[in-house]
Amino acid sequence: MADCVSKVELTVSCATLLDKDVGSKSDPLCVLLQSTGDNQWEEVGRTERVKNCDSPAFSQRLKVDYHFETVQKLKLAVYDIDNKSVDLKDDDFLGGVELTLGQIVASKTVTRPLQLKTTKPAGKGTITVTAEEIKDKRAIVLELDAKNLDKKDLFGKSDPFLEFYKQGAGGEWQLVYRTEVVKNNLNPSWKKFTLSLQTFCSGDLDAPLKVNCLDSDSDGSHDLIGSFTAKVSDFQKAAHGSPAEFDCVHPDKQKKKKSYKNSGVVCVKSCKMVSQHTFLDYVMGGCQINFTVGIDFTGSNGDPRSPNSLHYMSPDGLNQYLSATWSVGLVVQDYDTDKFFPAFGFGAKLPPDYQAANHQFALNFNPANPFCQGVQGIVEAYRQALPQLKLSGPTNFSPLINHVASIASAATQGSHATQYFVLLILTDGEITDFDQTKEAVVRASRLPLSIIIVGVGPADFKAMELLDGDDGLLRSTTGEAVARDIVQFVPYTKFADAPPGALAKSVLAEVPNQLVSYFKMMGLEPGKMAPPKQAELKP
């Protein structure tokens, strides 16, 4: 998860600021504040002061931590500085703007009119904010083998693997990578691996690394064959077919025997540096995140008119279904330019004839155009549909997943990373079509799609946890495994008393890595074009 946290640098410029100084132009400075909740703001940074200028371009950049899974509210405020005090209370306010960091990174550059108060513009003043990610995007690709390793096992050869360590700030060794075990082989070749340079050596090619070669034992008491220290710059000497070789030395053997040379040689066959794309590379390259909602209207929810029903509206007009939609939708909407979201229901009988239960219907009853305007539009469509539906069953997920997967599939035609889909399914219980749902998820894992399931109410959600591949690889009934982990499940009750935004934070934390893993798997580069139009939804 930590990989999704990046630092973003904001560059600010203004135009046509108000003149507050008599006989000259203002001396502006811009301060960046971040919301800490409950209308509280904390200063993150400020630019330099530019003298006598009404259209300043500030050179001092403003750095802020970026988290996809939360709504990060920012306030940029411009002041005319006429004294040396740090306190801004005694300086003239030239205007401000409130934005979310998501809006800025999704557009890359945002220009807004400055305001003195909510409805009062600051003359013709505008502010322009540009975002850039600060991250070491380099990764190291290593391929290693070894020769003539010592035999450690009584009835066979050694089962060798390698462990790589970097040095922490206090000088301690920290494990950064472990290879697979090669069984019964004194001349093993390990699989090529890629690791971010930040993880591998903290971005320093001359930092010391320790490599241990061990013999794997099933009881966990792995025996040391030998070790060596080196730097990435030493590994880089492996080039043009000539490997970089390192003596694997066992310290005890070295002490005992003067003629001892090594316990084998580890060879770096190839060492390459590559650039890894990040989530923000794709978002800033114009990739749209399309948000879709599916809501469970099966009979087990209870009669919506009864206070015991999960669909019952509390006096504030909310229930768990709507609260979860708000929480996740508010984050995702910043990454979709047109803010039109398709919303579906499943498990209900529909007007006018209320015949068989429908497992994938438009919440606004318009299959040709199931889009709702913003998260508010989804909420309104839900409130209007609810009294007209007859809750039924069974609880089938696969029709909805397959439907959204077909839209995602249609969006994979281009040569750039332009579209990604997030399907939020809100449900109260056990899946009836579990085998078909597994098949649908396995197929969808090869498409630009992430599935978030929020369990509403007190039911047993064991089947949902099986779909969330954290504990092992999800397979279809025919044994086909998912290409990547795309399902995230959380029970709503876990967040009933949590602060607003906690649910979204939990369910969306994995989406950035899932998006990057898909485009990497497909070999798709971030775009450099204007954002594409919303994928057309086929009924």
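Two residues are in contact when heavy atoms of theirs lie within 4.5 Å, and in that sense R112, leaving aside its neighbours within four places in sequence, is in contact with V97, L99, Q103, G125, T126 and I127. The structure described here is a predicted model, and its protein chain holds twelve helices and 27 strands. Of the 539 residues in the protein chain, buried residues make up 50%, and the C-alpha trace spans about 85 × 80 × 45 Å along its principal axes. Among contacts in the protein chain with a separation of 6 or more, 71% come from residues 24 or more positions apart.

**R112 and its strand**

- R112 lies in strand 7, which covers residues 109–117, and with a relative accessibility of 32% R112 counts as partly exposed.
- Between R112 and G96 there are 9.4 Å in space, C-alpha to C-alpha, while the two are 16 residues apart in sequence.

**Nonpolar cores**

- The largest nonpolar core has 86 residues, and those with the most contacts inside it are L10, L76, V105, I127, V454 and L508.
- Apart from that core lies another one of 33 residues, which includes L149, F200, C213 and I225.
- For V105, once its neighbours within four places in sequence are left aside, the residues in contact are V8, Y66, A131, L280, V283, M284 and Y335.

**Cysteines**

- The count of disulfides in the model comes to zero, with a disulfide taken as a pair of cysteine sulfur atoms within 2.5 Å.
- C53 is accordingly in no disulfide, and the nearest cysteine sulfur to it, that of C14, is 9.1 Å away.
- C372 has a relative accessible area of 5%, and because buried means under 20%, C372 is buried.

- Four strands form an open sheet in the order 11-10-13-14, and their pairing is antiparallel.
- Strand 11 (173–178) and strand 14 (223–230) stand at the edges with a single partner strand each, so that one side of each is left without a neighbour in the sheet.
- From one strand to the next, the twist of this sheet averages 25°.
- Strand 13, made of residues 209–215, runs antiparallel to strand 14 and is joined to it by seven bridges.
- The bridge partner of D215 in strand 14 is D223.

**Helix 8**

- Helix 8 has 13 residues, which at 1.5 Å a residue should span 18 Å, and this agrees with its end C-alpha atoms, which are 18 Å apart.
- The buried residues in helix 8 are S398, L400, I401, H403, V404, A405, I407 and A408.
- The elements that cover these buried residues of helix 8 include strand 17 (288–296), strand 18 (340–346), strand 24 (419–427), helix 9 (434–444) and strand 25 (449–455).

**Helix 12**

- Helix 12, residues 511–522, has twelve residues that should span 16 Å at 1.5 Å a residue, and its end C-alpha atoms, which are 17 Å apart, agree with that expectation.
- In helix 12 the residues V511, P512, Q514, L515, V516, Y518 and F519 are buried.
- Just after helix 12 comes G523, which takes a positive phi of about 65°.

**Cis peptide bonds**

- P351 and P352 are joined by a cis peptide bond with an omega of about 5°, and P352 is found in the loop between strand 19 (348–349) and strand 20 (361–362).
- G393 and P394 are likewise joined by a cis peptide bond, here with an omega of about -5°, and P394 lies in the loop between strand 22 (390–391) and helix 8 (398–410).

- T16 is not a glycine, although it has a positive phi of about 50°, and its place is in the loop between strand 1 (6–15) and strand 2 (28–37).
- With a relative accessible area of 41%, T16 is partly exposed.
- N52, which is not a glycine either, has a positive phi of about 50° and lies in the loop between strand 3 (40–46) and strand 4 (62–66).
- N52 counts as partly exposed at 45% relative accessibility.

Key:
Residues are numbered from 1 along each chain as its sequence is written. This is a predicted model: local features need pLDDT of at least 70, side-chain atom pairs count only at pLDDT 80 or more; totals for chains, interfaces and linings use all residues. Side-chain values use heavy atoms; hydrogens and water are left out. A nonpolar core is a set of buried Ala, Val, Leu, Ile, Met, Phe, Trp, Tyr and Cys residues joined through side-chain atoms within 4.5 Å. Buried means under 20% relative accessible area, exposed over 50%, partly exposed in between (1.4 Å probe, protein chains only). Two strands pair if DSSP finds at least two bridges between them. Helices (H or I, at least four residues) and strands (E, at least two) are DSSP runs, numbered from the N terminus. Axes are lines fitted to C-alpha atoms, for helices over the stretch in contact, and angles run from 0 to 180 degrees between N-to-C directions. The expected span of a helix is 1.5 Å times one less than its number of residues.
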